[in-house]
2 protein chains.
Amino acid sequence: MGISKTEHFTERQNELATLAKALGHPARIAIIDFLLKTESCICGDIVNELPLAQPTVSQHLKELKNAGIIKGSIEGNAICYCINEVTWNKFKAFLESLFETYNLKNNCC
Amino acid sequence: MGISKTEHFTERQNELATLAKALGHPARIAIIDFLLKTESCICGDIVNELPLAQPTVSQHLKELKNAGIIKGSIEGNAICYCINEVTWNKFKAFLESLFETYNLKNNCC
DNA sequence: ATATTATATCGTAATATTGCAATATACAAA
DNA sequence: TTTGTATATTGCAATATTACGATATAATAT
């Protein structure tokens, strides 16, 4: 139906899926790349970095913000976006835990 | 338009987005969790583990397979699924690289 | 006050995703 | 060969996503 049955899964599974989904578009990866690369907040420079129209970029930023991956604060005329360290660290912890679980002995096919 | 303009992004950005998107559903996280937890391939036991109908599970498995995250092989009556270690390690490397870039000095908002 | 600049929101079209019943396929067991 | 079991595919309805032009909002500069 296009709507996920989130109530049947654990909170961790839902959270991790939400974060992964938010990163599931190249434009949003590019935004995160840029935020990480510049090593500071981005104040009014994202649209020029992406090959997409301004409303589209705004929408992608909104999705990253909804997932809690970035946060924005108004700086006069512009808006400064940066990584939300709380969510980012949570995401990192989720994944490190997943990666820890895996070792090559798993393979039997 | 519902169609991503992948041609404007780097191959890495597209690949990482594809992998993240494939993990962007709690059922698919649950499948991966189960594959990692059992520490071996799963031969005919996935549908019973998930609160979804068999065709829906089959579809999620297909998406994970399309993204290269899992692979399946026919074992008589059943099908054995397991993590595709090549893709998984690539995913891990992508993310470790992302996480390395980030440090708390980034924050200014 | 008016123009400029940066960003968000609205509206809409195209496409994708999610979910499942019904059905098909393919092997195994009787 | 028929029956059962496991999985995939098809078809469809509901919903979500992607993209962008038009427009709105809000601060800055003139």
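Modeller: Two strands count as a pair if DSSP finds at least two bridges between them, and with that in mind we can read this predicted model.

Colleague: How do you know that β1(B) and β3 of chain B pair?

Modeller: β1(B) and β3(B), which covers residues 78-83, are joined in the antiparallel sense over 2 bridges, and since the cut-off is at least two bridges, they count as a pair. Within this pairing, Ile42(B) stands opposite Tyr81(B) of β3(B).

Colleague: What makes β1 and β2 of chain B edge strands?

Modeller: The open sheet of 3 strands in chain B has the order β1-β3-β2, with antiparallel pairing. β1 (42-43) and β2 (70-75) of chain B each have a single partner strand, so one side of each is left without a neighbour in the sheet.

Colleague: Which helices lie against this sheet in chain B?

Modeller: Helix α2 (residues 26-37) of chain B lies across β1, β2 and β3 of chain B, at about 90° to β3(B), while helix α4 (residues 54-66) of chain B touches β2 and β3 of chain B, its direction making about 120° with that of β2(B).

Colleague: Why is α2(A) called roughly perpendicular to α1(B)?

Modeller: The axes of α2(A) and α1(B) come within 8 Å and cross at roughly 115°. Angles of 65 to 115 degrees count as roughly perpendicular, and therefore α2(A) is described as roughly perpendicular to α1(B). The crossing of these two helices is right-handed.

Colleague: Which residues of α2(A) and α1(B) make the contact?

Modeller: Pro26(A), Ile29(A), Ala30(A) and Asp33(A) of α2(A) meet Arg12(B), Gln13(B), Asn14(B), Leu16(B) and Ala17(B) of α1(B); by class, this contact has 5 nonpolar, 2 polar and 2 charged residues.

Definitions and conventions: Residues numbered from 1 in each chain as written. Chains lettered and ligands numbered in written order. Predicted model: local features only at pLDDT ≥ 70, side-chain atom pairs only at ≥ 80, totals over all residues. Heavy atoms only, no water. Helix = DSSP H or I, 4+ residues; strand = E, 2+ residues; numbered from the N terminus. Contact = heavy atoms within 4.5 Å. Axes fitted to C-alpha atoms, helices over the stretch in contact; angles between N-to-C directions. Parallel < 35°, antiparallel > 145°, perpendicular 65-115°, else oblique. Left-handed = near helix turned anticlockwise from the far one by under 90°. Nonpolar A, V, L, I, M, F, W, Y, C, P; charged D, E, K, R; others polar.
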